Amino acid sequence: MLDTFEILTTSGVVLWSRTYAPISPAIVNHFIADIFIEEKAASTGAKDNQPTANNPPYKYDQHTLKWTFVKELGVIFVAVYRSLLHLSWIDKLVDNLKTIFVDLYGDQLKKPNTTLVHCHKFDEYFDQQYQELESRGTTKGAQAADTPFHFEEGAVSGNLGDDPPLPPGLKQRTKPHSTAKDVSPPSELASIAITNTSRPSTPGGGSHLLVGKSGPMTRMSRKARKMQHNHSAPASSGDEAPSRKGKKAPKKGRRWDADGFADEKDDVQLDYSAAQNTMTSDSEAEATGRSTAVEGVDSTSWGTTTSKGQFVLRDLGDEVHSILKSAEEKNAASGATPRGGLVGSGLSTIGGLFRNVVGGKTLTKDDLDKAMKGMEEHLLQKNVAREAAIRLCEGVEKELLGVKTGSFESINARIAKAMEASLTKMLTPTSSSDLLREIDAVTRPSATSMRKRRPYVISIVGVNGVGKSTNLSKICFFLLQNKYKVLIAAGDTFRSGAVEQLKVHVRNLKELTEREGGNVEIFEKGYGGDAATVAKDAVREAANEGYDVVLIDTAGRRHNDQRLMSSLEKFAKFAQPDKILMVGEALVGTDSVAQARNFNSSFGPGRHLDGFIISKCDTVGDMVGTLVSIVHATNVPVLFVGVGQHYSDIRNFSVKWAVEKLLSNS
Amino acid sequence: MSSSTPIMEHLKGALEYILTPSTPVITIGLLIVFFVPILVHFFISRQTPYTSLPFILLAGPAGGGKTSLLTLLERGDTAAETHTSQTPHGVELTVSSDAGASTFREAAREDAPGSHKKFFLVDTPGHGKLRGTAMAHISGDGKANQSQFGDSAMLRGIMYVLDAATLDDSLADAATYLYHVLLALQKRTGSGSTSRSPNAVHVLIAANKLDLFTALPALLVRSQLEAELGRIRQSRSKGLLDSGVGTDEIGSEEQDNWLGEYGSEKFTFGQMREFDIEVDVISGSVLEGNVDKWWDWISDRI
């Protein structure tokens, strides 16, 4: 069922976790990187305090993650389970646990300069919620179809691995362990051994076979579930439930700690059917009298061993319910907060004006709305596509809601600061790339790496007339200055004059770098041929002749022409470029988003663009919004910007420069 | 009209009283003039607590074990489970100035012996997109309130935590980040508005995860990093200019962006000594609690 539930802070510390089946930490790490840091999800990133159902589940490596996020405290709640399973109650579980956790430990979380949060007692709350919601989920008719499947899965992995996920009938036995990690490896092994030896005592054959074991278990749990259905009358639970329990009891002398391992150190005799029959039924009857939830009785009678333990759990349930209820009421109340009288609002207005100047004002939605409109307008004027501008503004607004401004800091200054941070985060590439080092790694592999020397292949794509050939020759000039042997492949076999244009570039480059020993040639097959084949031949020729770098020019194509775009997939397969760079104009407006998206998805599955070259940056002045639009659309970094007509007018992209230009007021 | 006249009369009287020079009016005026600025000052200074504790910065690529180390030093017994960090986080720790509590385990206890010095250990996210926070702490070019743990003048040392077990694969990334950190430190030493150079910031390269058997020993980590930094330095000098660099600055930029001794063939960490930057490489393991040498290094810095 549930594999892991974790509560972690934005600073990366796991505050509390419960593991039923160990999962790789990489799953949660990828989840954080994709959702929170790179904001790859379609609906942007981390929304504050949103119910779990509204957050899109994150899927990675056969696991599904359901999550919610409390921004104010910087706490993320994540539930991880197998994607095969369909657990309808997970959303509710995550939401309820969030409410409880924030209510209980919110104060501790607000303390600065510490990572310590004492939440050992949260185990009990978790167990209570888990049992309640799970039993509620299983009693639902809709669940009936897929629950037997869970049992089977549980039984299978129980046979194969040493960490069986529990079938629900057993899972209700889970007892809270306050210390999660006290099981040392030897005792784990021992407990597994004991588990195996104790299995033959299972009623119903007691064979080691998969079928033999999963069979009765499923039947048993189904009966149990049926019982939960039938037990609307509390009187019947007194005599029926304990007797069934008695039959199963020897099998259930196991406890499961937080890591999902069986723990039989304190081997309590669980067969209470004979000795404590009367006592259990007594306490059950009493409990039913106190509680209104009928099905709760059943689950607690399964889950605890003594009548004392039963009461503890019941009290906890009441507390949890009261917490959830008060949170709900608070939510409802906050929706309809009555405004103060005339005097009150007048005072708060004056106070607000004062704080606006001095700072220390807590930002509300009203404050932000107007200023954010201005910021959006500003971004649009900088030629940022509306889609990207809205996403940025929404992100900043979410970040700033409820934040206090600093001393003598106006709202606008605060927003500008947040926008700067947001833009920097967006434009900064995940991994910095240094073209020369990458070329060196391929063309001069170190002796230890066992790789064969081969030429480094760069291909350049883009819409018509954005400057593909020009930027290609600029890159070529840069590479020639670094003493690389370059072969230029004329992949544009369509437009007349394209090959001649490249020939002129090559002649110029030869002249320019002759003194420094530049070595550049052109590879061309005339017009009308297949571009992919030309590229492939060029790479082969370069490998034979000992070239370092192959630069492949391609024909310009309209991004929404399916016929032209489809040939790119074949091209990527034939030429196997190390880098596919797309040239985008700084001049283009909103269309840049669609261009970048279409090109990014046209190379077939598993291949994307590796970077952008933004050309004609010198012609737009401060309006470099295209940069933001394309990075927003694809999450692919900008590598170079073209800033002039000369061969040397190409620059590395500097995030600081772009952010400064975007936020400048002129 | 008749009802408003008494009020007008009243106002007129009050106005006349205020504008007539008399002792109580002057004293009240003077009191306001003197005390309002003081009150405003207290109002503001109360809101922004001034922290002037020295701090040690934890930097390094993601997955190195920075947050883990932070929790280990704070708790004293075991490190907490951690995932990728998104926000910087500071923790107040104490070292004993005399040899009262020699290890972090004793220092983490509340009744640790000896006299104490407090400091912040600041954890920064190592994800490629979020390295700006660490760089802001180092260079201090932002406003004072950008780094929430005091200004960069109080920076005493940088612990560059990296994963020694997977260094073969992640060498390029680890070295690039280290290159930027060292370059920022070098510039910090070189540039200063006053003639007094800022206090020396030392760098500890903490080669973590020694418990794994693929982990490289400290010496190998050192030599590999030095070689890679040399390569980066070489390719940076040949690379393109950054956008936004004006043509007039081209000549002067050259020397500033060269890490270490200008024009030297090979890069060694020893070259950083010229800029008052000592670089040590010490290996350890957070998971096994084998971080005593790192703690000693921190104690020396505070």
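# Reading a two-chain model

User: How many residues does the contact take from chain A, and how many from chain B?

Analyst: The contact takes 44 residues from chain A and 39 residues from chain B. Residues are in contact if their C-beta atoms, placed from the backbone, lie within 7 Å. This is a predicted model: local features need pLDDT of at least 70, side-chain atom pairs count only at pLDDT 80 or more, and totals for chains, interfaces and linings use all residues. Residues are numbered from 1 along each chain as its sequence is written, while chains are lettered from A and ligands numbered from 1 in the order in which they are written.

User: Which elements of chain B supply at least two residues each to the side that touches chain A?

Analyst: Helices and strands are DSSP runs numbered from the N terminus (helices: H or I, at least four residues; strands: E, at least two). On chain B, the elements are α2 (23-47), α3 (66-75), β2 (89-96), α6 (167-190) and α7 (218-238). The largest share, 5 residues, comes from α3(B).

User: How does that side of chain B divide by class?

Analyst: Ala, Val, Leu, Ile, Met, Phe, Trp, Tyr, Cys and Pro count as nonpolar, Asp, Glu, Lys and Arg as charged, and the others, Gly among them, as polar. The side of chain B that touches chain A has 21 polar, 10 charged and 8 nonpolar residues.

User: What does UniProt list for residues 25-44 of chain B?

Analyst: The unreviewed UniProt entry annotates residues 25-44 of chain B as "transmembrane region". Such annotations may be inferred rather than shown by experiment. In the model, this span is 100% helix and 0% strand. Its end C-alpha atoms lie 28 Å apart.

User: Now the sheets. In what order do the 5 strands of the open sheet in chain A stand?

Analyst: Two strands pair if DSSP finds at least two bridges between them. In chain A, the order is β2-β1-β5-β4-β3, with antiparallel pairing. At the edges stand β2 (14-19) and β3 (58-60) of chain A; each has a single partner strand, so one side of each is left without a neighbour in the sheet. Neighbouring strands are turned by 20 degrees against each other on average, direction ignored.

User: How many bridges pair β3(A) with β4 of chain A?

Analyst: There are 3 bridges between β3(A) and β4 (residues 63-70), in the antiparallel sense. Tyr60(A) has His63(A) of β4(A) as its bridge partner.

User: Which helix packs on this sheet?

Analyst: Helix α1 (residues 25-37) of chain A does, touching β1 (2-9), β3, β4 and β5 (75-82) of chain A. Its direction makes about 130 degrees with that of β3(A).

User: What is the pairing in the open sheet of 8 strands?

Analyst: The pairing is mixed, and the order is β10-β9-β11-β8-β12-β13-β14-β15 in chain A. The edge strands are β10 (519-523) and β15 (650-652) of chain A, each with a single partner strand, so one side of each is left without a neighbour in the sheet. The twist averages 25 degrees from one strand to the next. Here β9 (residues 485-490) and β10(A) run parallel, joined by 5 bridges. Leu487(A) has Glu521(A) of β10(A) as its bridge partner.

User: On to helix pairs. At what angle do α15 and α22 of chain A pack?

Analyst: Axes are lines fitted to C-alpha atoms, for helices over the stretch in contact, and angles run from 0 to 180 degrees between N-to-C directions. Helix α15 (residues 411-427) and helix α22 (residues 625-634) of chain A pack at about 60 degrees, with axes 10 Å apart. They are therefore oblique to each other. Angles under 35 degrees count as roughly parallel, over 145 as roughly antiparallel, 65 to 115 as roughly perpendicular and the rest as oblique.

User: Which residues make the contact of α15(A) with α22(A)?

Analyst: From α15(A) come Leu423(A), Met426(A) and Leu427(A); from α22(A) come Leu627(A), Val628(A), Val631(A) and His632(A). By class, the contact has 6 nonpolar, 1 polar and no charged residues.

User: How do α21 of chain A and α22(A) cross?

Analyst: The axes of α21 (residues 591-600) of chain A and α22(A) come within 8 Å and cross at roughly 40 degrees. That makes α21(A) oblique to α22(A). Ser592(A), Val593(A), Ala596(A), Arg597(A) and Asn600(A) of α21(A) meet Thr626(A), Ser629(A), Ile630(A), Ala633(A) and Thr634(A) of α22(A). This contact divides into 4 nonpolar, 5 polar and 1 charged residues.

Definitions and conventions
Two residues are in contact if their C-beta atoms, placed from the backbone, lie within 7 Å.
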